[in-house]
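Here is a short tour to read alongside your model. Keep the viewer open and follow along as we go.

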Amino acid sequence: MIVTGAERREQITAEISERTGITEAMIERLVHAFYDKVRSDAVLAPVFDTRIADWEPHLAQMCAFWSSVALMTGRYHGTPMVKHLPLPVDAAHFDRWLDLFEATAREICPPEAAAHFVERARRIAASLELGIANGQGVLLGIGERFRRNQAGAGQ
Ligand code: HEM
């Protein structure tokens, strides 16, 4: 029997979904609940407020992103690194982002699913922080964090 790439991908998605309990509906709930928190957070909201006028398309993109990352569906076709490079963020923003994400994942998802999301979020956050530091001419060592000086840490 010939198995196409699309069929193989569907098998992988089904296998992850069965193992973790993650579904597209769970991703929708997680993404919406998470950005509800972000939008009223003192550290993160200012970064988003000036850049996202219409939240619906952003939330749809984020659902596609998490579907690709968590369920390997290939629904997302974007360039997150490019979008984050110009943002005025550092370790403090990433720590806050991860705190809120982990809290939301634990509220919305069963433990296996929450662990699956959180592990991926941590890795992607670390790689975005590394990229942002690099863009500012700072080469982070392993385990090192990116901290801007106070003057550069505004919105
Ligand atoms: C320091 C914490 C973070 C802040 C302040 C932040 C902020 C933003 C903002 C303002 C945008 C919109 C950019 C634009 O459309 O011009 C964006 C997009 C996005 N962010 Fe973040 N972000 C953070 C961390 C993360 C992390 C950890 C992930 C993934 C685990 C992530 C995934 C994405 C994705 C996938 C997009 C959409 C890119 C697209 O439109 O294709 N972000 N983020």
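Predicted model: local features only at pLDDT ≥ 70, side-chain atom pairs only at ≥ 80, totals over all residues.

## Where two helices cross

Let's begin with helix α2 (residues 24–39) and helix α4 (residues 55–71), whose axes come within 9 Å of each other and cross at roughly 130°. That angle makes α2 oblique to α4. The crossing of the two, α2 and α4, is right-handed.

On the α2 side, the contact is made by Glu 24, Ile 27, Glu 28, Val 31, His 32 and Tyr 35, and α4 brings Leu 59, Met 62, Cys 63, Trp 66, Ser 67 and Ala 70. Sorted by class, the residues of this contact between α2 and α4 are 8 nonpolar, 2 polar and 2 charged.

## Around the ligand

Now turn to the ligand, which has 21 residues around it; Gly 78, His 93, Trp 97, Ile 124 and Ala 125 come nearest. Two or more residues of this shell come from each of α3 (45–49), α4, α5 (80–84), α6 (91–108) and α7 (111–135).

Helix α7 gives the most, with 4 residues.

## A closer look at Phe 117

Phe 117 is worth a click too: you will find Phe 117 in helix α7. Is Phe 117 buried or exposed? Phe 117 counts as buried, because 25 C-beta neighbours lie inside 10 Å.

Beyond its neighbours within four places in sequence, Phe 117 is in contact with Leu 30, Ala 70, Ala 105 and Cys 109. Arg 106 is 11 residues from Phe 117 in sequence, and their C-alpha atoms are 9.9 Å apart in space.

Key
Residues numbered from 1 in each chain as written. Axes fitted to C-alpha atoms, helices over the stretch in contact; angles between N-to-C directions. Parallel < 35°, antiparallel > 145°, perpendicular 65-115°, else oblique. Left-handed = near helix turned anticlockwise from the far one by under 90°. Contact = placed C-beta atoms within 7 Å. Nonpolar A, V, L, I, M, F, W, Y, C, P; charged D, E, K, R; others polar. Near = placed C-beta within 6 Å. Buried ≥ 20, exposed ≤ 12 C-beta atoms within 10 Å, placed from the backbone.
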